[in-house]
Amino acid sequence: MATVSIIYFSGTGHTTKLAEAVQKGAASVAGVKTNLIAISGDDIIKGRYQNDAVLAQIDASDAVIFGSPTYMGGPAAQFKAFADATGGKWYTGAWRDKVAAGFTVSNGPSGDKLSTLHYFFTLAMQLGMIWIGLPELPMNDKGINRLSSYSGVMAQAGQEDPAVAPNAADKLTGELLGQRVATYAVKLQK
Ligand SMILES: Cc1cc2nc3c(=O)[nH]c(=O)nc-3n(C[C@H](O)[C@H](O)[C@H](O)COP(=O)(O)O)c2cc1C
C-alpha cells in the first residue's frame, strides 16, 4: 500500500475544495491510502509551526502534495511556517526520494500563482524529493488545465460564486494531478 499525503492551508475554503479533489484522484488509484491534512494556524506558536504528529504522518508517506492559496504572490504564511518546520527533514534526508507535487488557488487567472508552485518545487528539491508536474494539454472540452500550468495545478476562485469556487474544470484538473502522483507513488514504492 502506498500512502499519499495532501498537506495544505486554506483561509476561506477554496483550497480545501481543491485539496479534496486532489485526494479523490489519488484515492482512485488501486493500492493507495490517502491522508488529507489541513495546516492549522493554531499549530503556529510564536511564528513557528509545531505539530510533530503531522510531520510523522508525512514521514510515513510515499508521496506528499503541497497546497496553499496564493497570497501576495506566494504561499500563505501558514504554509511557509509548515515549510520552515521541515528543516530537520532537510538535515536528515528523511523525505528524500518521496514523490512531490503542488496546487494553488487564487482570484486572478494568473494572480502570480506560478510563484507559489515554484516555491513548492524549490521546497521539494531542498528536501530531495521527486517532482511530478502536470502534462495535461489545455485543448480539451472539459477545461482541464485551462490555466495552462505544467508545474502543478492552478485553480481560480475569483470568477466564480465564492460558495462553489473553484469550478468543476479546476477540480477535475486537481483530480488528475492526484491520480498521477498516486500512480508514481505506487511505481516508486520502496
Ligand atoms: C492576504 C491575501 C493575499 C492575496 N493575494 C492574492 C494574489 O497575490 N493573487 C491573487 O490572484 N489572489 C490573491 N488573493 C486571493 C486568494 O488567493 C483567493 O481568495 C483564494 O481563493 C483563497 O483561498 P482559500 O479560500 O483557500 O483561502 C489573496 C487573498 C488574501 C487574503
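**View 1. The loop that holds P166.** P166 sits in the loop between β9 (153-156) and α6; helices (H or I, at least four residues) and strands (E, at least two) are DSSP runs, numbered from the N terminus. A cis peptide bond, with omega about 0°, links A165 to P166. Most peptide bonds are trans. This is a predicted model, in which local features need pLDDT of at least 70 and side-chain atom pairs count only at pLDDT 80 or more, while totals for chains, interfaces and linings use all residues. Residues are numbered from 1 along each chain as its sequence is written, and side-chain values use heavy atoms, with hydrogens and water left out.

**View 2. Helix α1 against helix α6.** Here the axes of α1 (residues 14-27) and α6 (residues 168-187) come within 6 Å and cross at roughly 45°. Axes are lines fitted to C-alpha atoms, for helices over the stretch in contact, and angles run from 0 to 180 degrees between N-to-C directions. On the α1 side look for K17, L18, A21, V22, K24, G25 and A26, which meet D170, K171, G174, E175, G178, Q179 and A182 in α6; contact means heavy atoms within 4.5 Å. By class, the contact of α1 with α6 has five nonpolar, four polar and five charged residues (Ala, Val, Leu, Ile, Met, Phe, Trp, Tyr, Cys and Pro count as nonpolar, Asp, Glu, Lys and Arg as charged, and the others, Gly among them, as polar).

**View 3. L176 and its partners.** Stay with helix α6, where L176 is found. Leaving aside its neighbours within four places in sequence, L176 is in contact with E136 and I144. The C-alpha atoms of L176 and P135 are separated by 10.0 Å, and these two residues are 41 residues apart along the chain.

**View 4. D97 and its backbone.** Follow the loop between α4 (87-92) and β7 to find D97. Phi of D97 is near 70°, a positive value in a residue other than glycine. Most residues other than glycine have a negative phi.
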